[in-house]
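Biologist: I am new to this structure and would like to learn how to read its features. Could you walk me through them, one at a time?

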Amino acid sequence: EKAEKQSAKKSAGKSEEKSAEKKSREKSDKTSPTENKKLDEARSTENKSSQSGRLENLIEKLNDAELPAEKNKLIDEGAELAKKIIETEPENDSAHYMLSVEAQKNKNYEQALRELEKAIVKNENNYLYYYDKGKIEYILKKYEDAISSFKHSMSLNDSFAQTCYNLGLSYVKIGNENEALIYLTRSTKINQNYEKGYLEIARVYNRLGKFEQCVKAYETVIQKFQNNFQAMMELGSVYYQNGKLAEAEKQYKSALSKLQKSEMQTLTEYNLSTVLFDERKYEEAQNYARLAYEKKDFISNNSAKANIVYNYALIENTLGKTEAAIKLYNEALTLNPNHVKAMINLASSMMILKNPDFDRVYKLLSQAYSANKDNFEVNNNLGSYYILKNDFANAVAFYEKASKIKPNDTEVQSNLGNAYLKNGNLEEAKRVFNELISKNAKDWDSYVNLAKVYIQLRDKENAQKNLLFVKVNQPDFRTEEVNSLILLLVEL
C-alpha cells in the first residue's frame with residue numbers, strides 16, 4: 001500500500017510538471033510582437049558582432065602572414081565575409097578595407113582606392129587605411145597624393161617603419177632625394193632590422209653622387225644582412241661606375257664565393273667579366289664570361305640574356321677568336337634582334353674575313369644606323385665598309401661624321417686621313433696626318449701615310465724625310481712597305 005501511494009505521488013508530480021510546461025509554452029506563444037522584434041534584433045546584433053570579430057581576426061592574420069599562398073587564402077576568405085557584412089552593414093569600415101585589399105590583389109587599383117575612401121569616411125583614425133591608400137596612389141603614380149596619405153598615416157602612428165620607408169620612396173619619385181633620405185633613415189631608426197630601408201639609403205647616396213657615404217651604407221647592409229647578395233652586386237657596380245676596378249673585382253668575387261647557381265650568380269659572373277675586361281685581364285674575363293654564358297638560361301629576359309652572349313662574343317673577338325665571336329654575335333641577335341652593338345660588331349668581324357658577305361654587312365650596319373644615326377661605331381664601320389667597296393666619297397662622309405662625334409679619337413682620324421688620300425683630297429689628308437703627328441710624335445702610321453700624300457703631291461723631299469724618319473727610329477715598322485716607297489721616290 002505504501003508502495004502504491006509513493007507511485008501515485010510520483011505520477012501526480014510528473015503530471016504537474018507537464019502541466020507547467022504546457023502553461024509555459026502557452027505563455028510563450030502569447031509573447032507580444034514588440035518583444036519578438038527585440039529578440040530578433042538581439043540575435044542579429046550578436047551575429048553581426050560575431051562576423052565583424054571574425055573579419056578583424058582575419059585582417060590581423062593577414063597583416064602577420066608572409067607566404068603569398070597564405071595571404072591569398074586569407075584575402076579570399078576575408079573578402080567573402082566582407083561582402084556578407086556589407087549587405088547588413090553598408091558602412092562597415094573593416095569590410096570596405098578588406099574589399100580594398102581584394103581589389104589590390106586583383107590589380108584593380110581604382111576600385112581599391114574607392115573602397116579605402118569609404119572605410120576612411122567611417123573611421124578616420126586607422127593609420128593602416130591611410131598607409132594602404134598611399135601605397136595605391138604610389139602604384140597609380142600619384143606621388144604627391146601618396147606623400148600626403150603616408151604623412152597622415154604617420155600622424156596617427158609614427159612608429160610604423162613601412163610608412164616612413166614608402167614615404168621616402170615617394171620623395172625619390174618626385175626627385176627629392178634629400179627628403180627621401182630623412183624618412184628612409186627614420187624607417188631604420190624605428191626598426192633597426194629593416195633591411196629594405198638600409199638598402200634604399202645606399203641607393204639614394206649613390207644617386208646623389210656621395211661615393212663615400214654610399215659605400216659605407218652598402219657595407220652596413222652587407223654586415224647586418226650577410227645574405228643580401230643584391231647589396232653586394234650593387235656595391236660592385238658602384239665601384240665600377242667610379243673607376244675603382246680592383247675594388248669592384250674584389251666585391252664581385254666575394255659575392256660569388258657565397259652564391260649558388262641562380263640568376264644572381266649568372267649576373268655576378270657577367271659583371272665580373274666586364275670589370276676584368278676593362279682591367280685588360282682578358283683570359284680571366286673570358287673564363288667568367290663563359291661561366292655566365294653557360295648559365296644564361298637562369299635569366300628569363302631575352303634582352304638581358306643577349307647582353308651576356310654579346311659580352312662573351314666581345315671578349316672572344318678581343319682574343320682574336322673571330323669565328324667564335326661571329327657565332328656568338330649571331331646568337332645575341334637571335335635573342336634580341338635590336339641589339340645595336342651586336343649588329344655593329346658582327347659586321348665589323350665579318351669585314352675582316354677573307355670573303356666577306358658584303359650584303360649582310362651592309363644590312364647590319366644600315367639597321368644599326370637607322371636605330372641610332374649618331375652612333376660613333378656605326379659611322380666608323382660604315383666608313384670602313386665603303387673603303388672595302390672602293391666608294392671613297394661615302395667613306396669620307398661617314399668618317400667625317402664619326403670624327404665629329406669623337407673629335408679626339410685618333411683611330412677615326414687616321415681612317416679619315418686615309419679616306420681623304422684615297423679620294424684624292426690630298427690637302428685634307430696632309431692636314432689630318434700632320435695633326436696626328438703633332439699629338440703623338442711616335443705615330444709611325446701617320447708618318448708613312450703622310451709620305452704617301454707627299455708622293456701624290458710629287459713632293460719628293462718631304463716624302464723622303466718622313467720615310468727615313470721611320471726607317472731610322474723604328475726600323476722594324478712596316479719595313480717592306482717603307483722600303484718599297486723609298487724605291488718609288490727614285491722614279492719621281
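**Pockets, helices and a cavity**

Modeller: Gladly! In the largest pocket there is about 860 Å³ of space. Its lining is made of 25 residues, and those closest to the centre are L62, N63, K71, Y131 and K135. Please keep in mind that this is a predicted model.

Biologist: Which elements give two or more residues to the lining of the largest pocket?

Modeller: They are α2 (33-64), α3 (68-88), α4 (93-105), α6 (127-139) and α8 (161-173). Helix α6 gives the most, with seven residues.

Biologist: How do the residues of that lining divide into nonpolar, polar and charged?

Modeller: For the largest pocket, the lining has 13 nonpolar, five polar and seven charged residues.

Biologist: How much space lies in the second largest pocket?

Modeller: About 700 Å³. The second largest pocket is lined by 25 residues, and Y310, L314, Y329, N345 and E377 are the closest to its centre. At least two lining residues come from each of α14 (263-278), α16 (302-318), α18 (340-351) and α20 (376-388). The most come from α16, which gives six. By class, this lining holds eight nonpolar, twelve polar and five charged residues.

Biologist: Let us stay with α16 for a moment. How should I read a pair of packed helices?

Modeller: Two packed helices are described by the angle between their axes and by the distance between those axes. Here, α16 packs with helix α17 (residues 322-335) at an angle of about 170°, and the axes are 8 Å apart.

Biologist: Are α16 and α17 roughly parallel or roughly antiparallel to each other?

Modeller: An angle over 145 degrees counts as roughly antiparallel, and α16 and α17 are therefore roughly antiparallel to each other.

Biologist: Which residues in α16 and α17 meet?

Modeller: On the α16 side they are N302, K305, A306, V309, Y310, Y312, A313, L314, E316 and N317. On the α17 side they are T322, A324, A325, L328, Y329, E331, A332 and L335. By class, the residues of this contact divide into twelve nonpolar, three polar and three charged.

Biologist: Now a single residue, please. Where is S100 found, and is S100 buried or exposed?

Modeller: S100 is found in helix α4, one of the elements that give two or more residues to the lining of the largest pocket. A residue counts as buried when its relative accessible area is under 20%. The value for S100 is 0%, so S100 is buried.

Biologist: Which residues is S100 in contact with, leaving aside its neighbours within four places in sequence?

Modeller: They are A112, E115, L116 and I136. Take A112: in sequence S100 and A112 are twelve residues apart, while in space their C-alpha atoms are 4.1 Å apart.

Biologist: And cavities: how many of 30 Å³ or more does the structure hold?

Modeller: One. The largest cavity has a volume of about 40 Å³, and its lining consists of V470, K471, Q474, P475, F477, T479, V482 and N483. Both α25 (460-473) and α26 (479-490) supply at least two of the lining residues, with the largest share, three residues, coming from α26. Sorted by class, the lining of the largest cavity has four nonpolar, three polar and one charged residues.

Definitions and conventions
Residues are numbered from 1 along each chain as its sequence is written. This is a predicted model: local features need pLDDT of at least 70, side-chain atom pairs count only at pLDDT 80 or more; totals for chains, interfaces and linings use all residues. Side-chain values use heavy atoms; hydrogens and water are left out. On a 1 Å grid over the protein atoms alone, a cavity is a set of points where a 1.4 Å probe fits but cannot get out, and a pocket is an open set with protein on both sides within 12 Å along at least five of seven lines; lining residues have an atom within 4 Å of a point. Grid points are joined across faces, edges and corners, and a volume is the space filled by probe spheres set on the points. Helices (H or I, at least four residues) and strands (E, at least two) are DSSP runs, numbered from the N terminus. Ala, Val, Leu, Ile, Met, Phe, Trp, Tyr, Cys and Pro count as nonpolar, Asp, Glu, Lys and Arg as charged, and the others, Gly among them, as polar. Axes are lines fitted to C-alpha atoms, for helices over the stretch in contact, and angles run from 0 to 180 degrees between N-to-C directions. Angles under 35 degrees count as roughly parallel, over 145 as roughly antiparallel, 65 to 115 as roughly perpendicular and the rest as oblique. Contact means heavy atoms within 4.5 Å. Buried means under 20% relative accessible area, exposed over 50%, partly exposed in between (1.4 Å probe, protein chains only).
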